[in-house]
Amino acid sequence: MTEQLQQGENKKLIWRLVGIIGGMFLFAFALVPLYNVFCDITGINGKTRGQALYESVEVDSKRIVTVEFLTNINRGMPWEFKSMVKSIDVHPGELNEVRFYAKNRSKFDIVGQSIPSVSPGEAALYLNKTECFCFDQQRLAAGEEVEMPMKFYLDADIPEDITRLTLSYQLFNVTESVTTASVTNQ
Amino acid sequence: MSDHHPTGITRWLYTTNHKDIGSMYLWFSFIMFLVGGAMAMVIRAELYQPGLQFVQPEFFNQMTTMHGLIMVFGAVMPSMVGLANWLIPMMIGAPDMALPRMNNWSFWILPFAFTLLLSSFAMEGGAPNFGWTFYAPLSTTFGPPSTDFFILGVHMMGISSIMGAINVIVTVFNMRAPGMTMMKMPLFVWTWLITAFLLIMVMPVLAGTVTMMLTDRHFGTSFFDAAGGGDPVMFQHIFWFFGHPEVYIMILPAFGVVSEIIPAFSRKKLFGYSSMVYATASIALLSFIVWAHHMFAVGMPVAGELFFMIATMLIAVPTGVKVFNWVATMWQGSLTFETPMLFSIAFVILFTIGGFSGVMLAMAPVDFQYHDTYFVVAHFHYVLFPGAIFGTTAAVYYWLPKWTGRMYNETSGKIHFWLSMIFVNLTFFPMHFSGLAGMPRRIPDYNMMFADFNMWASIGAFGLGLTQVYFLISIIIAIKSGKKAQEKQWEGATGLEWDALPSPAPYHTFSTPPKVD
């Protein structure tokens, strides 16, 4: 093989390899939406979906599913945050409302964001929220307290073996990022 | 004429010669091996007894993190690239690597990358302290300021490995001597070719991961931050998508090394050459679909646990083929036990032990017990120290006569082997027991009940560390004043580097391609 021919062959191969490398770099970022889509379809990481519309469906009044509520506060979040009831028994298909209580115990205005998570994960597919404080952020002035409603219903076709599920909320302090964002917007 | 080479420091700075670059890689990796080893000594000194004696927990965490990073990216990976540089052109009858200038660059990035990484010790907040796996949010929200130096360092070593891998692939595909067909290549070349493909597939994913960390830390994204809609568990998925192929990147070239050495000292052809090639390729392919076995405890659905468990256990099949072939090569051979052969046999035995504990860890139900305990530490040190490092050591002893024209002292080599063999087991075997009894990894202090196991492991570790210093000294003596080596130092050796080249190999080799039949 002559030197020039060799150089040409090398170039071709190098560009192919660089293509694979670039593709794999992009693939790493593509994993993010892929992960979310995959979890959304299978519900395996317990993330609930966005706002649902309640369609009056047949209520399965023979079945009872216990829904428990958990609240957690992330580091650096000086709020009190709890659900008004520990758990409720619901029939699949019926619309329920529970209320959550939050109070800003600090001397500053703080913006909070709750992130829901359902356990067991597959139950997340059947939990539909028509109204939730977690869809928005809450800004509470120093000392302000608030009661927040959350309305949900369970799909009537929720698997038989799920008799109990836990809906947990983790409350994050997002004041800093909200403030930075509004400064940048101006 | 063929032995003419430039002199002085610029020889090393500007060199595009694969032998010079190979030597620099090997020396660099040995320096990093000593640096990372010194950190291991600090860890083992602290763990010699329960309670806190020498270092504070914050510093201990920096030690475990940096020990892992330095050993993985600074010691094991560059040593394998060093072997590739030295050996692949000689084994396939090529005059040099295909892209010599890039070869120079890919080496010279490394000292800068590791200076960046190591300089973090001098920074406010100390060095990275979140473990070499840098799980978010420990490394994003809670990482020390020096995390950004870590990110840049990882980017640089990633670029270096990717360039090294491109070089290997292009060399193997385009520079083989006439007649050197793919299935005639020495197995070391095959395992490195497959390793190179793993590298170009997963190093970009690692680069993507640390880039996401960087933007999470400074540019307001929320890839791994739940408050902004991200997911810290996703970090583990992306990291281990890189991380599992990475462990095969570290071990496959060592498979290649022992597949050269065992036939030479058994005076037989390698048993099942083509099955070795296919087994290596299957291990590499399977490595892409098993990543979540590192994270059984995050709360996966049963179907996921089953899939990753079974896929992981499947890897035992091609690995078993390889171990079988090595043993079958030795079967009824006329064996002699020179130092490279001793290290290779120890490799087969101890790597298999590490493989067995790997199968135990692959079982999802019992992994809940073993997860993040010293059992895991024992497992991966058994595959890395007697695996990757014994493999490299065997290679150094085996090819030293070809590289330098001088022989090491056989007695000295045997002393090095037996001390390493005893101390490596004394260090890591007790960790199986302390792990099964529940001792968590990455802790500076522990329950009294683990005291004996830890004392043995620490004594073993100090011995193992000193033994490697002994190795350094005896290799330097061999290079300076060892006996002159013969052209074919090992009577059972095969391959172009032994059959067609004098010892030491001249600076320029195979300027006209050899004939292979």
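This is a predicted model: local features need pLDDT of at least 70, side-chain atom pairs count only at pLDDT 80 or more; totals for chains, interfaces and linings use all residues.

Colleague: Which strands are the edge strands of the open sheet of four strands in chain A?

Modeller: Helices (H or I, at least four residues) and strands (E, at least two) are DSSP runs, numbered from the N terminus, and two strands pair if DSSP finds at least two bridges between them. The order in this antiparallel sheet of chain A is E2-E4-E8-E6. Five antiparallel bridges link E2(A) to E4(A), residues 95-104. Pairing on one side only marks the edge strands of chain A, E2 (79-83) and E6 (127-131).

Colleague: What is the bridge partner of A:Lys82 in E4(A)?

Modeller: E2(A) and E4(A) run antiparallel. Across from A:Lys82, the partner in E4(A) is A:Tyr101.

Colleague: Why is one side of E3 and of E7 of chain A left without a neighbour in the sheet?

Modeller: These strands belong to an open sheet of five strands with mixed pairing, in the order E3-E1-E9-E5-E7 (chain A). E3 (87-90) and E7 (138-140) of chain A stand at its edges, so one side of each has no neighbour, as each has a single partner strand.

Colleague: In which sense do E5(A) and E9(A) pair, parallel or antiparallel?

Modeller: E1(A), residues 65-73, is joined to E9(A) by eight bridges in the parallel sense, with A:Glu68 opposite A:Thr166. Over their eight bridges, E5(A) and E9(A) are antiparallel.

Colleague: Which element gives the most to the side of chain A that touches chain B?

Modeller: Counting residues in contact (C-beta atoms, placed from the backbone, within 7 Å), chain A gives 27 and chain B gives 26. On chain A, the elements giving two or more residues are H1 (3-42), E5 (110-119), E9 (164-173) and H2 (175-185). With 16 residues, the biggest giver is H1(A).

Colleague: How are H2(B) and H4(B) arranged relative to each other?

Modeller: Axes are lines fitted to C-alpha atoms, for helices over the stretch in contact, and angles run from 0 to 180 degrees between N-to-C directions. H2 (18-46) and H4 (100-119) of chain B pack at about 20°, with axes 10 Å apart. Angles under 35 degrees count as roughly parallel, over 145 as roughly antiparallel, 65 to 115 as roughly perpendicular and the rest as oblique. H2(B) and H4(B) are therefore roughly parallel.

Colleague: Is B:Gln332 buried or exposed?

Modeller: B:Gln332 sits in the loop between H10 (316-330) and H11 (339-362) of chain B, with a positive phi near 60° although not a glycine. A residue is buried if 20 or more other C-beta atoms, placed from the backbone, lie within 10 Å of its own, exposed if 12 or fewer, and partly exposed in between. B:Gln332 has 9 such neighbours inside 10 Å, so the class is exposed.

Colleague: Where is A:Pro120 found?

Modeller: The peptide bond from A:Ser119 to A:Pro120 is cis, with omega near -5°. A:Pro120 is in the chain A loop between E5 and E6.

Notes
Residues are numbered from 1 along each chain as its sequence is written. Chains are lettered from A and ligands numbered from 1 in the order in which they are written. Two residues are in contact if their C-beta atoms, placed from the backbone, lie within 7 Å.
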